Amino acid sequence: MDMLKMLFEGADKNFIIEIIGRTIFMFFLILLILRLSGRRGVRQLTLFEVAIILGLGSAAGDPMFQEEIPVIYSIIVLFSVIVLYKIITFLASKSELVTRIFEGREMVVVENGEFKIDGNKDSDFSQKEFFAELRNKSIEHLGQVRLAVLEIDGTLSILKYPTENIKYGLPLFPGSYKPILSIHEKGPFACMFCGSIQHKLSHKNQTCDNCGKKEWTIAIKTPFIH
Ligand SMILES: [Zn+2]
């Protein structure tokens, strides 16, 4: 591969200076537009906001280096997107339905120490993601969790049981989260998918009444460590 050709072929020396000017201008314009959106940061975005950012990104980036795109086109796109954002945000604040269409809605993922699978047809992948989130919040097993809600911006809100009410639950950390080898191990047992608890198993691949999966691990009941 010819590196010089790749880097320089078709480049116009005079336009290079203009690129710098366009980039500086667009950079401050993006900053202004994001300030106008009223958001304070972008750590957590709803899907609607990601869509807005993608729209802004392309409209802001292209005219930085494409001579044939007048910067004014970009300015019009950016202001249109931000006006649209403001209108939809306003409508969403007035109507539950609009919010649900554009932002989705929060979802209960753990209730009474068990992973909730109804209404959530996503497979193993999302379950693994939730378990990772719970581990991040120092939750050692599902028996410590009374309620966990997945918010529309993707964060997880957790209500824990007080220490005296902690139940046997599905361990979330590697080491403890592994299938049993025999039903004669000391139980109770937890379904490795939903966290449903069984005190006795008739065989090691018994079907879970709650979710239909067939893998079990040894449940634990450790207190939450602050
Ligand atoms: Zn299950």
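Leaving aside neighbours within four places in sequence, which residues is Val 109 in contact with? In this predicted model, Val 109 touches Glu 114, Phe 115, Lys 116, Phe 130, Ala 148, Val 149, Leu 150 and Leu 156.

**Nonpolar cores**

Val 109 belongs to the largest nonpolar core, a set of 27 residues. Together with Phe 115, Leu 134 and Leu 142, Val 109 touches the most other members of that core. At least two residues of the core come from each of strand 1 (107-111), helix 6 (124-136), strand 3 (145-150), strand 4 (156-160) and strand 5 (189-191). In soluble globular proteins, nonpolar side chains tend to be buried together.

**Helix packing**

| Helix pair | Angle | Distance between axes |
|---|---|---|
| Helix 2 (residues 13-37) and helix 3 (residues 47-65) | about 155° | 7 Å |
| Helix 4 (residues 71-94) and helix 5 (residues 96-103) | about 130° | 5 Å |

Helix 2 and helix 3 pack at an angle of about 155°, which makes helix 2 roughly antiparallel to helix 3. Their crossing is right-handed. On the helix 2 side, the contact is formed by Phe 15, Ile 19, Arg 22, Thr 23, Met 26, Phe 27, Ile 30, Ile 33 and Leu 34; these meet Ile 53, Leu 56, Ala 59, Ala 60, Pro 63, Met 64 and Phe 65 in helix 3. By residue class, this contact comprises 14 nonpolar residues, one polar and one charged.

Ile 88, Leu 91, Ala 92 and Lys 94 in helix 4 meet Glu 96, Val 98, Thr 99 and Phe 102 in helix 5. The residues of this contact divide into five nonpolar, one polar and two charged.

**Asp 62**

Asp 62 is located in helix 3. Its relative accessibility is 29%, so Asp 62 counts as partly exposed. In sequence, Asp 62 and Met 26 are 36 residues apart, while their C-alpha atoms are 9.7 Å apart in space.

Note on methods:
Residues numbered from 1 in each chain as written. Predicted model: local features only at pLDDT ≥ 70, side-chain atom pairs only at ≥ 80, totals over all residues. Heavy atoms only, no water. Axes fitted to C-alpha atoms, helices over the stretch in contact; angles between N-to-C directions. Helix = DSSP H or I, 4+ residues; strand = E, 2+ residues; numbered from the N terminus. Parallel < 35°, antiparallel > 145°, perpendicular 65-115°, else oblique. Left-handed = near helix turned anticlockwise from the far one by under 90°. Contact = heavy atoms within 4.5 Å. Nonpolar A, V, L, I, M, F, W, Y, C, P; charged D, E, K, R; others polar. Core = buried A, V, L, I, M, F, W, Y, C linked by side-chain atoms within 4.5 Å. Buried < 20%, exposed > 50% of the residue type's maximum accessible area, 1.4 Å probe, protein only.
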